[in-house]
Amino acid sequence: MCGIVGYVGHRSALDVVMGGLRRLEYRGYDSAGVALPHEGRIASAKKAGKLVNLDGILAEHSLPTVGSGIGHTRWATHGAPNDRNAHPHLDAGSRVAVVHNGIIENFATLRDELESSGHEMLSETDTEVVAHLLRDELDRTPVASSDEAEGTALPDAVRAVCRRLEGAFTLVITDAEQPDVVVGARRNSPLVVGRGDGENFLGSDVAAFIEYTRDAIELGQDQVVAITSDDVVVTDFDGRPAETTEYHVDWDVSAAEKGGFDWFMLKEIAEQPQAVADTLLGRHSAAGLLQLDEMRLSDDELRNVDKIIVIACGTSFYAAMVAKYAIEHWTRVPCEVELASEFRYRDPILDRSTLVVTISQSGETMDTLQAIRYARQQRARVLSICNTNGSTIPRESDAVIYTHAGPEIAVASTKGFLAQVVACYLLGLYLAQVKGTKYGDEIGAIIAELERIPAGIQRLLDDADQVRTLAAELVDSRSILFLGRHVGFPVALEGALKLKELAYIHAEGFAAGELKHGPIALIEEGVPVFVVVPPRARDQLQEKIVSNIQEIRARGARTIVLVEDGDDDVVPYADHVIRLPEVPTLLQPLVATVPLQIFACELAGLLGHDVDQPRNLAKSVTVE
Ligand code: M6R
């Protein structure tokens, strides 16, 4: 959702801001704009649609070459995605420009108040009130009275306005009368600082400035940051100096580029062997003893855990479903799985011995964040599994296991999912180690199997042509179904979600055993059904799914069967066979998901869709 960039330094701010917006495109947006302070007035341009539309009007606006500016990609919440509602929003005299991510919940009250004192609103957004409030505040706060450390009144004005706002907001502001400073504010929505040499940056995430610096600062809740070319000053909303955490980003600009692939998604699918290997790296000793550095919960606390609830949204929720099978099997601790958006509204039973595990690639998903806050209020311990260093979710958790998938740019999660599943296994095994429910050599054997997975994924990538051919054959399908049992069930759900979000065709995933309880009515002549067959080691499951395949085939389904090497029992009932490497049952999602990702990506491409930025979707969903 909304991408924000702010810059002060020695380069052309317009170039830096437009470059940053391009790197934030993956977050999802439907309009874009920039603002630059110049000779006492704001010069700005904004346009509905993609950045190419904004590029198209930049020349006619002849924006100046100056050393500071702000920019925004907007994912519409209040007001349609048109030119008028695009950010930045300006005050009536074009002195300040504001960009915003989040929702200002009391905007209607503020808007009434402003309109009754003579302000005229030009848009339907909640953001515009901030520009007007700021202008009033700046008129009341002469620059000379400002905080000496910052040498400007803009931070004072921003703090005063923030104290009046309710809801979630990241704001970034430029003032034409104080062009040497750009000010940001953060409550509940993401904002990070990039520290350069003679230049500083603000961004929704580090991708905004990774081209120029890998030194970043995490901002906390309710903080205001003022950047100049050589200084960064962070305070709380009352102006008291605030503590921040500096960190070095462990990936570089090449990781955020397509590297010769047509789509980021294709590149990210191809990076999965590495993502799995990197997430395992350094987390166990030669003797097979697991060590999780960021596990800030003591062994005693973990031994006392008597219930686990795993919470997430979307694809991360399917990783949570896989986690349940593994964690319960290895630890014998009851494990529930819950959609983050449902969790806090059902009055869940939590106490000090409940471990809440949240899974989020972005670390910014608002539903998940609110679930964490609720869980902590109820005294539960919260451990997050996250791919984004410095993001809000790990910061607000008691412990974290970072996945090391690298930046995931495509909206559809792929390597992020596989790395999450690996992190869930690591957590399950770590708990088993601490609680003594598995012997060290058993844990070591599972780790050894995990270490073989990257090679298995690579083989699937190398054999992907048959999946591409299949996508071409099925490109006209109106509906595609996915079946699985045990951990194959979340794989089926994930396969269906990928197809829905990328190809915009009807797709559903089912637990194969549920078929006869209703969904089998959907089977008609020629409908494609993917079936994830459990490894032969689980012979009971395997037999059952063979029956399920026979049932649907008898009713005309076109069966596409994902089955491990050497298992020929299902072949007589399969119209198409996709071979999977032999792996233990619990680990099968790490290989079975891959052909389904490739299938959805290929089919969407054939339909002419934007694979990396599907319609209506945002990468980080920062509103509830
Ligand atoms: O960043 P998160 O993992 O918290 O995101 C959760 C979902 O929004 C995300 O997985 C979404 O479902 C993806 N677009 C799926 O590909």
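Which backbone oxygen does the side chain of Lys415 reach? Before selecting the residue, please note that this is a predicted model, in which local features need pLDDT of at least 70 and side-chain atom pairs count only at pLDDT 80 or more, while totals for chains, interfaces and linings use all residues. Residues are numbered from 1 along each chain as its sequence is written, and side-chain values use heavy atoms, with hydrogens and water left out.

**First stop: Lys415**

Select Lys415 together with Ala405: the side chain of Lys415 reaches the backbone oxygen of Ala405 at 2.8 Å. A polar contact is a pair of N or O atoms within 3.5 Å; within protein, one must be able to donate a hydrogen and the other to accept it, and residues adjacent in sequence count only if both atoms are side-chain atoms. Lys415 belongs to helix 13, which covers residues 415-435. Helices (H or I, at least four residues) and strands (E, at least two) are DSSP runs, numbered from the N terminus. Lys415 counts as buried because its relative accessibility is 1%; buried means under 20% relative accessible area, exposed over 50%, and partly exposed in between (1.4 Å probe, protein chains only). Beyond neighbours within four places in sequence, Lys415 is in contact with residues including Glu268, Glu271, Gln272 and Ala275, where contact means heavy atoms within 4.5 Å.

**Second stop: helix 7 against helix 13**

Next, select helix 7, residues 272-280, alongside helix 13: their axes come within 9 Å and cross at roughly 25°. Helix 7 is therefore roughly parallel to helix 13. Axes are lines fitted to C-alpha atoms, for helices over the stretch in contact, and angles run from 0 to 180 degrees between N-to-C directions. Angles under 35 degrees count as roughly parallel, over 145 as roughly antiparallel, 65 to 115 as roughly perpendicular and the rest as oblique.

To display the contact, show Gln272, Ala275, Val276, Thr279 and Leu280 of helix 7, which meet Lys415, Leu418, Ala419, Val422, Ala423 and Leu426 of helix 13. By class, the contact of helix 7 with helix 13 has 8 nonpolar, 2 polar and 1 charged residues. Here Ala, Val, Leu, Ile, Met, Phe, Trp, Tyr, Cys and Pro count as nonpolar, Asp, Glu, Lys and Arg as charged, and the others, Gly among them, as polar.

Move to helix 4 (residues 128-140) and helix 5 (residues 154-162), whose axes come within 9 Å and cross at roughly 125°. Helix 4 is therefore oblique to helix 5. On the helix 4 side, the contact is made by Val130, Leu133, Leu134, Glu137 and Leu138, and on the helix 5 side by Leu154, Ala157, Val158, Ala160 and Val161. The residues of this contact divide into 9 nonpolar, no polar and 1 charged.

Select Glu494 in helix 16, residues 488-503. Is Glu494 buried or exposed? Glu494 counts as buried, at 0% relative accessibility. Apart from residues up to four places away in sequence, Glu494 touches Thr315, Tyr318, Ser413, Phe417 and Thr593.

Select His87 and Pro88, which are joined by a cis peptide bond with omega of about 10°. Pro88 is placed in the loop between strand 4 (68-74) and strand 5 (89-90).

Ser94, in the loop between strand 5 and strand 6 (96-104), has a positive phi near 55°. Ser94 counts as buried at 14% relative accessibility.

Finally, select Asp347, in the loop between helix 10 (340-343) and strand 17 (354-360). Phi of Asp347 is positive, near 60°, and Asp347 is exposed, with a relative accessible area of 61%.
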